[in-house]
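Here is a short report for a first look at this structure. Start with the view below, then read on.

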Amino acid sequence: MTQFQDRVAIITGGSRGIGKALALALAERGTDIVIGAKTMEAGGRLPGTVPETVREVEQRGARALGVRCDVRSEADLKNLVDRTVERFGRVDFLVNNAGAMWLQTVEGTPHKRYDLVMAINARAPFLLAHHCIPHMREGGWGHIVNLSPPLDPEGIQHMGGKVAYMSSKLNATLLTLGLGKEVAADGIACNTIWTRTLIGTLATQNLGIGSPEDWRTEDIVVDAILAVLEQDPATFTGHSLLDDEILARFKGIEDLSRYRFVPDKEPTPMTWERWDLVAEVARQLYFQAMVSADKAKAAALSEGA
């Protein structure tokens, strides 16, 4: 068995975006794919469905399983892993790609928004690791990848205005650092990957996070994840990494122009100060409207009671 051939990968949030692109890239390398996401039918707010990803994976010669999964539900998460083992008999890769963003002050964050980002960004990776580890240990091999930022002391000074979101993401980083120690002797790796710049996903575009000149394409994240999954899990674990560092270290890629969202514009690296500015614009343009909509909905429900 090669690093990818005949392996089995669980990817959350794989009906579109980075998750789908990763699924197709792994399928081309001979990995069987399990997609866990909610969107089973077309016609929603965003393009892409689980069956569409499954079909495209199969077109690339790999086997695929699509499972409707709300990552906020522990029952759904356990079912995702159980169905994977039932169908393929193993779990080799777990990529916790599903994510939720909420950029607001503590005062402007209702409990349901806090619970949402915590459930998707922090709790789901923890529970999926919990359910996958016994199967990975049985095989003596496994990779877990979380998409979360390095635990940077400077970054902690820039959490204002986005406490819920940043707390949830850093929770996944802490999971990685701890779990990397816990399972190192079992040949199981857990690492995090974060991006040097904004990525031009549908979510970034719809939420008004930066502008196209600020973005790189999803391909850089996919290539960075693949580079980490190529490493020996028995020796490369417990790391919190940036995409460009990964590509330079493992692939010798220094010229990142191929990943520009706007071909003739090199994105500006996302410093913490720049992240503050970008988040503030998004908060005023989009997230404040969501707060108002939440309040209006709550008022309407109260009047109807």
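## A cavity

The structure holds one cavity of 30 Å³ or more. A cavity is a set of points, on a 1 Å grid over the protein atoms alone, where a 1.4 Å probe fits but cannot get out; its lining residues have an atom within 4 Å of a point. Grid points are joined across faces, edges and corners, and a volume is the space filled by probe spheres set on the points. About 50 Å³ of space lies in the largest cavity.

Its lining includes Asn 96, Ile 120, Asn 146, Lys 169 and Ala 172. By class, the lining has five nonpolar, four polar and one charged residues. Here Ala, Val, Leu, Ile, Met, Phe, Trp, Tyr, Cys and Pro count as nonpolar, Asp, Glu, Lys and Arg as charged, and the others, Gly among them, as polar. Helix H4 (111–139), strand S5 (142–147) and helix H6 each supply at least two lining residues. H4 gives the most, with three.

## Basis of the model

This is a predicted model: local features need pLDDT of at least 70, side-chain atom pairs count only at pLDDT 80 or more, and totals for chains, interfaces and linings use all residues. Residues are numbered from 1 along each chain as its sequence is written, and side-chain values use heavy atoms, with hydrogens and water left out.

Helices (H or I, at least four residues) and strands (E, at least two) are DSSP runs, numbered from the N terminus. Buried means under 20% relative accessible area, exposed over 50%, and partly exposed in between (1.4 Å probe, protein chains only).

## Helix H2

In H2 (residues 50–59), Val 50, Thr 53, Val 54 and Val 57 are buried. They fall within an arc of 100° seen down the axis, so they line one face of the helix. The arc is that of the directions from the helix axis to the C-beta atoms. These buried residues pack against helix H1 (17–28), strand S2 (32–37) and strand S3 (64–68). Contact means heavy atoms within 4.5 Å.

## Helix H3

The buried residues of H3 are Asp 76, Leu 77, Leu 80, Val 81, Thr 84 and Phe 88. They cover an arc of only 135° around the axis, which puts them on the same side of H3. On the other side, Ala 75 and Glu 86 are exposed. The buried residues pack against S1, S2, S3 and H4.

## Asp 6

Asp 6 lies in the segment before strand S1 (8–12). Its phi is positive, about 65°, although Asp 6 is not a glycine. Most residues other than glycine have a negative phi. At 45% relative accessibility, Asp 6 counts as partly exposed.

Notes: On a 1 Å grid over the protein atoms alone, a cavity is a set of points where a 1.4 Å probe fits but cannot get out, and a pocket is an open set with protein on both sides within 12 Å along at least five of seven lines; lining residues have an atom within 4 Å of a point.
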